[in-house]
Amino acid sequence: MIGLKVPRKEANQARLFLLENKILNLDFKIKRSLDYVYLPLLEKPGKDLMRDRSLQIVETEFEEAKRSPRSMEEYLKGQIPAEKMEDLKKSFDIIGEVVILEIPEELEGEKKAIAEAALKFTKRRAVYRKGSEVKGITRTRELEHLAGEDHSETIHQEFGTRIMLDVKKVYFSPRLATERKIITDQVEDGELILDMFTGVGPFALSIARHHEVEVYAVDINPEAINYLKRNLELNKLQERIIPLEGDVKDILEGMDLKFDRVIMNLPGSALEFLPTALEHLKPGGVVHYYQFSRDTDDPVENIKNMAKDRRVEILEIRKVKSTKPGEWHVAVDAKIN
Ligand SMILES: C[S@@+](CC[C@H](N)C(=O)[O-])C[C@H]1O[C@@H](n2cnc3c(N)ncnc32)[C@H](O)[C@@H]1O
């Protein structure tokens, strides 16, 4: 095969030049003699590269380099069809030290290889496969342990917020990070906020880290509230967030507090809680309402109907994330006078 022969003292400069021009063959080892270095080439350098240079191209043998794969695709090459690889990449969630993958039925036989590759390339501690959709009142899913340790508690970092959780016991999606930032940026100091379905508290924590506010953070899942309490300590936010365990309707009953802002991230059934949210929203307050786009009702119409004779000003409508092909998790920010 062809190589470039250069005096030893020029070897490094030549290597960089070949790398820069993408003609150094990385699958073979560089060879050295007493006075010269031989660099394996992918192709003969073109006339433009040869200009002003007296490069000595020689025919010689090179030893094959045993290098480790540089990407998950490379590692799984030949085992997984290319189009399936694209789907796998899209289904990847990294939550702290935990990787969660969606592996289709057709790749059942390859699941261990895929999980080992994911473990290796993410350098995380555990790999799980989604075993179901998120379901039930706590919005958790079944997870199948595939590689690394079977340790599902972890600390996730999101824009500097530390979020401790157990992926098996509570809902958490790293794909909502941008949404949390969007909401946080709308908040002003001094607000009284209700996070109706707080989970382990990612919205509440993000807001309270950036603003002097008071947040009532409610969740029906005791595990979620326990982690929220630990997250308050981790982020030193005990003064700004009040964790409350129970059904938000029960908790608000008889409470005559009115909030400046209400966050309603329970997209499957938020409509059912809209009257409660509006009842506890100050005139001029903002509701962040989430809904799945497959639902036949238009979320804006839902808010207008529930607001009755209060004036509704739609501030923004966003597609937050894709949930299934053709279905979106949609957000509506609405000011209710
Ligand atoms: C989609 S998760 C959202 C959690 C959190 N906001 C987040 O972004 O990670 C919805 C949460 O609502 C809680 N939940 C469901 N029904 C509830 C209710 N009636 N009252 C309070 N919390 C409820 C579930 O336990 C779950 O943690």
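The structure is a predicted model, in which local features need pLDDT of at least 70 and side-chain atom pairs count only at pLDDT 80 or more, while totals for chains, interfaces and linings use all residues. Residues are numbered from 1 along each chain as its sequence is written. Helices (H or I, at least four residues) and strands (E, at least two) are DSSP runs, numbered from the N terminus.

Helix α5 itself spans residues 111-122. Its 12 residues reach 16 Å from the first C-alpha to the last, close to the 16 Å expected at 1.5 Å a residue (the expected span is 1.5 Å times one less than the number of residues). Ile114, Ala115, Ala117 and Ala118 are the buried residues of α5; a residue is buried if 20 or more other C-beta atoms, placed from the backbone, lie within 10 Å of its own, exposed if 12 or fewer, and partly exposed in between. Seen down the axis of α5, these buried residues fall within an arc of 160 degrees, so they line one face of the helix (the arc is that of the directions from the helix axis to the C-beta atoms). Lysine 123, with a positive phi near 55 degrees, follows α5.

Helix α1 (residues 11-20) is hardly covered, with a count of one buried residue among its 10 residues. This helix is followed by lysine 22, whose phi is positive, near 55 degrees.

The next stop is a loop residue. Valine 200 sits in the loop between β11 (192-195) and α7 (202-210), and counts as buried because it has 27 C-beta neighbours inside 10 Å. Apart from neighbours within four places in sequence, valine 200 is in contact (C-beta atoms, placed from the backbone, within 7 Å) with residues including Ile163, Phe172, Ala224 and Tyr227. Serine 173 is 27 residues away from valine 200 along the chain, and their C-alpha atoms are separated by 11 Å.

Strands β12 (residues 214-219) and β13 (residues 241-245) pair in the parallel sense over five bridges, pairing being called if DSSP finds at least two bridges between two strands. Aspartate 219 has glutamate 245 of β13 as its bridge partner. Together with helix α8 (residues 222-234), β12 and β13 make a right-handed β-α-β unit; right-handed says that, with the strands pointing away from the viewer, the path from the first strand over the helix to the second runs clockwise.

Methods. Contact = placed C-beta atoms within 7 Å.
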